[in-house]
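Colleague: I'd like to learn how to read the packing of helices and strands. Could you walk me through an example?

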Amino acid sequence: MILCKLKLENFKKYISKTIEFGEGLIGIIGKNGSGKSTIFEAILFALYGEFKDRGNKELIRNSNASTKDAVVVELEFEFEGTEYKVIREFRGKAMSANAKFYKNGDLTTTGAKEVTSAIVNLTKMSKEAFMHTLFASQKELTSLSSLKNEDRKRMIRKLLGLQKIDFIEKELVEKSREIKREINAFAEVLLSDEDVKTKQEQIQINESAKEAEQKEVLSKSEELEHIKTREQSIKKELEVFAKTKEQKQKLFSELELAKNSKSLEIMNQVKLSAELHELEHKQDELSKFANVKTEYANLQEQLKEQDKLREFQLKKEGLQKEQASLRDQYTKSKSDITSLEKACVSYDEYLVNAKNLEISIAALQDTISTKHTIENELKTEMAHEQKQIDITNQKIAKLKELGSEPECPTCTRPLLDEYDNVINSLVEVVNNTHKKKIDEYKKQLENVKTQKAAFEADKKAKDKEFLELSKNISIIQSKLSVLKKEKDHFKIVEQKGLKNKEELKKFEQYNYDEKLHVKVKNSIKEIEPKYKHVLSLETELKRVVLVKADLVKVTIKIEQLALTCKKKEAEFKAVVYDDVKHKHLLEEHESILKTIELKTAFINEIKVQIAKIDGEIKTIQNALENNEAQLKKVQSKKADLVDYEKIKTSLAEFKTKLNAKVAPRISSIASDMYSQITKGKYQHIEVSNDFDFFIYDEGKKYPIERFSGGEIDLANLVLRIAISKTLTELNGASSIGFLAFDEVFGSQDESRRMEILEAFHTIKEQYRQIFIISHEMEIKEMFERVVEL
């Protein structure tokens, strides 16, 4: 397997990142926290859909990404000459997983679990095997020689996957112990042969007792059936008596109900007759107030007319008061308008003067700006001339320092007799050229400053004049605004006055008499009680028709109820019922029921006894059946124990053979690489079956701790690579063509780092890709390809 290209989107600290790996010795270089290890986490995730350490999948989303942004990891790799690409992604707030797997550009598999299975089948390695085979950390390398024997053995067994065998072996031991405990526990509860025989005899005794009780039940049941037949006969006679009694009681109730209804209707007839008599009396009373309603209606019309006249009078008085107020406002507004118009006469003249002043001030400002520009230009020219003087003076000073012997600094010819001439020439240039120009510029500058000051004074006076004029314009503008409002108010007052005048003319035709108004109110007050009484009488007299109709209905109902009473009384007398005979039958029936109850209880007691005997028989049978089942389980457990012992023996033999194969293979691979790296100085590294490490020096075997730090570092490196190769062979994955090392330099000094890098260069021919992750920026020149983060 060769890694070709990795593309990340919103994965951990990477918003968008694409890396092409290439082949050879590849450095993944970056400071701590730059995301170096994240690159290989992404590779592991792309292949197996899991991380090195399981955790909250929400943490893999970049902190700057929203829940709408997908987390995407795309890995391209080559395996046995074929190009593959795997894409995994999380989407949405729930981080739903999806994956796609391509072979030579064609989609072959979809789904997160399905893609993982396809990659495991292709590489013949699980996630753990892939990590232990192809990835190594600095901690793993240093631990190979620094850990205690047991800890080192445990670490290597973990890398080689032997821990799983240890776990299975331990589980088998525990299972065997558990089965032995279960067999011993069964032995304590199983029945002896004597106990089994006793229980079988007890079953026979119980069966005989059960048969005798069943015969007694049969005899008593026959007696009970004879008594029950007599009870049913009496019960039928009682039912006839009960129906007759119920019928007689029902007829008596109906007769009493008809009599009561008749009495109630007679009382209702009396009440309605009294009410009709009272209504006829009120009819006579109503005829005496025949004119009250007409008189009350006329007075109401007069009151409405007077109310309307009073309303007109009040409106007329209000309009008259408002007209008086409007006259005062009209006079005042007219006076204010005249005064404001006089104050605003000069407004147009002020505007013209302000415009002229604004033009003059702008022209003065332009002139001042021009003078200021000329002033700056003259100062620049003076500074330039002064700089030339300083340069020339420096040359003169350098010439004087050099004397007449050296070469001219300007033309490079020897000075000799020209020395004084050169110095005099330079002094003359300073005095006659540059200083004259500076003096001329100073005169011009003074003249410009004088003119500029005069213009600025003139501008200042005009600014003051403009400010005063602006204040006057603002005052007049304010008064013009007030004038407009006053004119609008004057117009409103004028229009309102004319409108009120028209309305007053309309009200002149109406005359209001307050005394007449009061007189009408008093008349209504006097007649109102009579009017209300008339209304009350009319309402009550509406019931006359209803009362007469109800009276006719009640009379008819009384006649009907009288006939019903006569009929029900005849039916009641026709029903014959013997109460004494009924009571005698009830007493006999009750006595028979008690006899049935006693005999039934006796039979039930016998049946309970039979059930108890059945229970005892069943309990003994269950005990015997359970004992038989437990015996079968014990036999099964003993067979399982034999099988477990056989598996333990086979597993122990397998471990012995595997250790005998793994340790020599690691020794062989490590020895070849170590000899190559040390250029033949050390020929052999031995790995014992207990995973102790020894280095042969001049034919003698020494523990690895005897050698220098650099030699141990190199030994650790080749041992780790040898373990990886052995794992690859054990997994049957011979096409894995890369290794990755994370921070393998640890805290080594520069010389030891260089030794390790040289070792990688020596063995790089054995792998198409070797990745080294490091934060050491200064070693990046040692790699054939660098991915800098």
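Colleague: Which strands does helix α2 lie across?

Modeller: Keep in mind that this is a predicted model. Helix α2, residues 112–123, lies across β4, β5, β6 and β7. Relative to β6, α2 runs at about 40°.

Colleague: In what order do the six strands of the open sheet come?

Modeller: The general idea comes first: strands of a sheet pair through backbone hydrogen bonds, either parallel or antiparallel. Here the order is β2-β1-β4-β5-β6-β7, with antiparallel pairing. At the edges stand β2 (14–20) and β7 (106–110); each has a single partner strand, so one side of each lacks a neighbour in the sheet. On average, neighbouring strands are turned by 15° against each other, ignoring direction.

Colleague: How many bridges join β5 and β6?

Modeller: There are eight bridges between β5 (residues 82–91) and β6 (residues 96–103), which pair in the antiparallel sense. Across this pairing, E89 stands opposite N98 in β6. Helix α1, residues 36–48, also packs on the sheet, where it touches β1 (2–11), β2, β4 (71–79) and β5. The direction of α1 makes about 100° with that of β1.

Colleague: Now for a helix pair. At what angle do α7 and α12 pack?

Modeller: Helix α7 (residues 193–287) and helix α12 (residues 544–574) pack at about 160°, with axes 8 Å apart. Angles over 145 degrees count as roughly antiparallel, and therefore α7 and α12 are roughly antiparallel to each other. Their crossing is left-handed. The residues of this contact comprise 17 nonpolar, six polar and 12 charged ones.

Terms used:
Residues numbered from 1 in each chain as written. Predicted model: local features only at pLDDT ≥ 70, side-chain atom pairs only at ≥ 80, totals over all residues. Heavy atoms only, no water. Axes fitted to C-alpha atoms, helices over the stretch in contact; angles between N-to-C directions. Helix = DSSP H or I, 4+ residues; strand = E, 2+ residues; numbered from the N terminus. Parallel < 35°, antiparallel > 145°, perpendicular 65-115°, else oblique. Left-handed = near helix turned anticlockwise from the far one by under 90°. Nonpolar A, V, L, I, M, F, W, Y, C, P; charged D, E, K, R; others polar. Pairing = 2+ DSSP bridges. Contact = heavy atoms within 4.5 Å.
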